[in-house]
Amino acid sequence: MSEEAVIAPVTRRREAKHRLGRMQLREEREFYLFVAPWLIGFVIWTAGPMLYSLYISFTTWDVFTKPIWVGLQNYATLWHDLFEPSQLVLFSQSLKVTTIYTVLMVPLRMIVNLVGAMLLNQKIIGMPFFRAVFYSPTVIPAVASALVWTWIMQSNGGLVSLALNKLGLPNQTWLFRSKTALVTLVVLGLWGFGSQMLFFLAGLQSIPEHLYEAAKIDGAGQWQQFRYITLPMLSPVIFYNLVMSMMGTFQAFDSAFLYTGGGPNYATHFYVLNIYTFGWRYFRFGIASAMAWVLLIIILVMTMLVLRSSSAWVYYEGEVKGR
Amino acid sequence: MSTTTKAAWWGGIKSRTLLHKTLMYVLCILVGSFQILPLIWMLSGSLKTIHELFVDPPMWIPKSWQWGNYDMMWNSLRLEEGGPAMPRYLFNTVYLTVIVLVGVLLSNTLVGFGFARLRARGKNVVFLVLLITMMLPSQMTWLSVYIIMSRLPYPPLFYRISEAAKPILQAVTGIQFSIENMPNNWIDTYLPLTVPAFFAGAGTVFLLRQFFLTVPIELDEAARIDGASTFRIYRSIFLPQAKPVLASVTILTFIGHWKEFFGPLLYLNTSDKFPIALGVQYFRGFADYNTQWHLLMAAGTVLSIPPFVIFLLFQRYFVQGMALTGIKG
């Protein structure tokens with residue numbers, strides 16, 4: 001390798017720096033000044049704590065004494081729990097519950113929000129009113145909606161039980177039986193359309209009318225128009241909603257905390273609730289941090305898989321396919 | 001070919017669209033009822049006697065409206081030092097939200113402006129990192145941030161100011177504030193809930209950056225020629241231009257903090273310091289109240305009305321902000 005080649009990058013950088021005038025240098029300094037609140041915040045509230053929690057995950061620590069380095073033992077405990085589930089770790093139980101919840105919730109919520117958006121996309125009078133009504137449950141605090149739904153689901157005097165009695169169907173304490181609790185949370189979680197519906201609505205409104213007209217001329221029915229125009233044109237929005245919804249649902253906490261406390265018999269013991277329990281109830285910060293890191297890996301893998309699959313089913317207008 | 005015969009079978013295009021529209025109305029009303037009836041049920045429950053709540057068939061409109069339920073709910077839960085708890089919780093929420101809002105508006109506009117308008121080496125990398133942090137699950141940092149907060153010393157100046165402000169606040173609001181000892185660290189204080197707001201959040205930065213990019217560059221060029229400093233451009237051109245977006249951010253922040261119970265649950269131990277959402281959850285936990293459904297419904301209604309009204313009044317800003325940031329509802 002010639003001397004020239006070794007020196008070149010350095011000098012080139014120096015030249016570049018030289019070429020920046022005083023004004024540009026000042027602008028650069030100003031940029032970092034303006035961005036400083038976020039940069040500093042990133043270091044002290046995100047990057048630092050992440051590295052710190054990585055360290056904690058290699059220790060056993062109750063916060064009151066000194067942390068003891070145990071290497072990969074916490075991760076080994078979690079791995080072991082996959083094959084021999086234990087009430088002391090609850091890793092595989094919480095993973096199972098959260099996976100079932102996600103698998104049920106993500107598609108159902110998406111269908112519900114898409115149907116809501118398609119209804120709101122109709123050109124009828126009074127749409128702004130319906131939009132407000134559809135969206136309003138989302139702004140209600142979870143604590144308040146948990147109060148009213150617990151009352152509605154109440155086995156003694158709740159609306160649901162009264163209706164079931166009328167129909168002569170068996171009545172149950174839906175939230176407090178291990179067989180029904182998780183499904184009940186899914187159903188309750190479908191109340192209220194979220195930002196997903198707004199994205200779908202925006203997506204629907206951006207589909208050019210002429211596509212439908214052309215299809216009608218070709219004799220396409222309602223279902224065919226939906227299947228071959230609406231769905232492909234919406235696929236970028238579906239993709240975005242899928243990724244966000246998956247990440248959000250896997251991190252579910254509120255509903256289990258507010259409705260069931262994770263019970264009965266850990267039937268709704270969500271993954272994040274488990275992290276919370278190990279951290280703030282048992283003060284086992286080491287294993288709780290290990291669970292948090294495993295969560296990050298799970299979410300990364302899930303996102304990667306969806307990203308990988310997206311080229312097969314997401315249609316971008318103007319995208320060059322092939323190769 | 002089949003379309004014409006079909007249309008004829010339906011009885012012509014006109015009646016067909018009429019049928020379609022009627023069907024859509026029926027569906028909208030059905031779906032809308034499912035959304036709104038639980039809220040009306042809560043309101044109606046809050047105005048009934050406890051006996052009326054258990055009547056079969058259910059009664060939507062109470063015989064005589066029990067406004068006294070609200071009085072009971074508002075005043076019966078007491079603070080540890082005496083005095084009603086709910087007004088204090090309301091005060092706590094307002095206090096927290098105001099401080100957080102100042103932090104959010106100040107820090108996010110600065111950072112958003114920087115990303116939208118200033119050129120610098122390494123900017124793309126910094127921006128990429130910002131985007132990545134939007135995807136990180138917050139649980140990653142709960143435990144370690146909690147530990148950090150428990151190690152940070154409480155600034156004596158803050159303590160002196162807050163103790164000095166208490167008699168004044170008590171005189172103005174009529175709420176009792178107890179004298180406290182100087183906290184050892186940030187746990188069980190408001191600092192963990194407010195200080196991070198001053199360090200900008202990726203979602204809001206992104207939203208503001210997107211907006212600032214749409215401001216015509218001629219405006220700042222003209223200002224520069226007139227000798228304005230960068231900060232002056234930010235303050236006198238960009239901030240006034242951004243009023244609608246700042247309104248969205250304010251509304252989303254307000255509603256977010258009104259709902260918030262998780263952060264306070266982690267950091268606050270003394271029940272006097274709870275904000276209202278956590279306060280209602282705490283109220284629910286007492287054996288004296290957890291079967292008093294009329295009082296619980298009153299608490300739920302009080303908790304729901306402010307965000308509901310704000311949403312209805314400022315729907316446009318709300319939806320805009322929601323759509324731009326993609327914040328989950």
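1. How many helices and how many strands are there in chain B? Chain B has 17 helices and zero strands, where helices (H or I, at least four residues) and strands (E, at least two) are DSSP runs numbered from the N terminus. In chain A there are 14 helices and two strands.

2. On conventions, this is a predicted model, in which local features need pLDDT of at least 70 and side-chain atom pairs count only at pLDDT 80 or more, while totals for chains, interfaces and linings use all residues. Residues are numbered from 1 along each chain as its sequence is written, and chains are lettered from A and ligands numbered from 1 in the order in which they are written.

3. On the dimensions of chain B, the C-alpha atoms fill a box of roughly 75 × 65 × 35 Å along the principal axes. The radius of gyration of chain B is 26 Å, whereas a compact globule of 329 residues would have a value near 20 Å; the radius is taken over C-alpha atoms, and the globule rule is 2.2 Å times the number of residues to the power 0.38. Of the 329 residues in chain B, 36% are buried, a residue being buried if 20 or more other C-beta atoms lie within 10 Å of its own, exposed if 12 or fewer, and partly exposed in between, with C-beta atoms placed from the backbone.

4. For chain A, the C-alpha trace spans about 90 × 70 × 40 Å along its principal axes. Its radius of gyration is 26 Å, against a value near 20 Å for a compact globule of 323 residues, and 35% of the 323 residues of chain A count as buried.

5. On contacts (C-beta atoms, placed from the backbone, within 7 Å), those in chain B between residues at least 6 apart in sequence join residues at least 24 apart in 73% of cases. The corresponding share in chain A, again among contacts between residues at least 6 apart in sequence, is 66%.

6. Helix H13 of chain B (residues 243–259) has 17 residues and should span 24 Å at 1.5 Å a residue, which agrees with the 24 Å between its end C-alpha atoms; the expected span is 1.5 Å times one less than the number of residues. H13(B) is mostly covered, with 12 of its 17 residues buried, among them B:Val249, B:Phe254, B:His257 and B:Trp258.

7. Two loop residues of chain B deserve a look for their backbone angles. B:Asp188, in the loop between helix H8 (156–173) and helix H9 (191–194) of chain B, has a phi near 65°, a positive value in a residue other than glycine, and it counts as partly exposed because 17 C-beta neighbours lie inside 10 Å. B:Ala200, in the loop between H9 and helix H10 (202–213) of chain B, has a phi near 60°, likewise positive in a residue other than glycine, but B:Ala200 is buried, with 29 other C-beta atoms within 10 Å.

8. Two packed helices are described by the angle between their axes and the distance between the axes. Axes here are lines fitted to C-alpha atoms, for helices over the stretch in contact, and angles run from 0 to 180 degrees between N-to-C directions. Helix H3 (residues 73–83) and helix H14 (residues 285–313) of chain A pack at about 65° with their axes 9 Å apart, which makes H3(A) roughly perpendicular (65 to 115 degrees) to H14(A). The contact is made by A:Asn74, A:Tyr75, A:Thr77 and A:Leu78 of H3(A) with A:Gly286, A:Ile287, A:Ala290, A:Met291 and A:Val294 of H14(A).

9. Helix H4 (residues 91–120) of chain A and H11(A) cross at roughly 145°, and their axes come within 9 Å. Residues of H4(A) including A:Thr98, A:Tyr101 and A:Val106 meet residues of H11(A) including A:Asn241, A:Ser245 and A:Phe250.

10. A:Val243 lies in helix H11 (residues 222–250) of chain A and counts as partly exposed, with 17 C-beta neighbours inside 10 Å. Leaving aside neighbours within four places in sequence, A:Val243 is in contact with A:Thr303 and A:Val306. The C-alpha atoms of A:Val243 and A:Val106, 137 residues apart along the chain, are separated by 9.5 Å.

11. A:Ala252, in the loop between H11 and helix H12 (254–260) of chain A, counts as buried with 21 C-beta neighbours inside 10 Å. Beyond its neighbours within four places in sequence, A:Ala252 is in contact with A:Thr98, A:Tyr101, A:Phe270 and A:Val272.

Conventions
Contact = placed C-beta atoms within 7 Å. Parallel < 35°, antiparallel > 145°, perpendicular 65-115°, else oblique.
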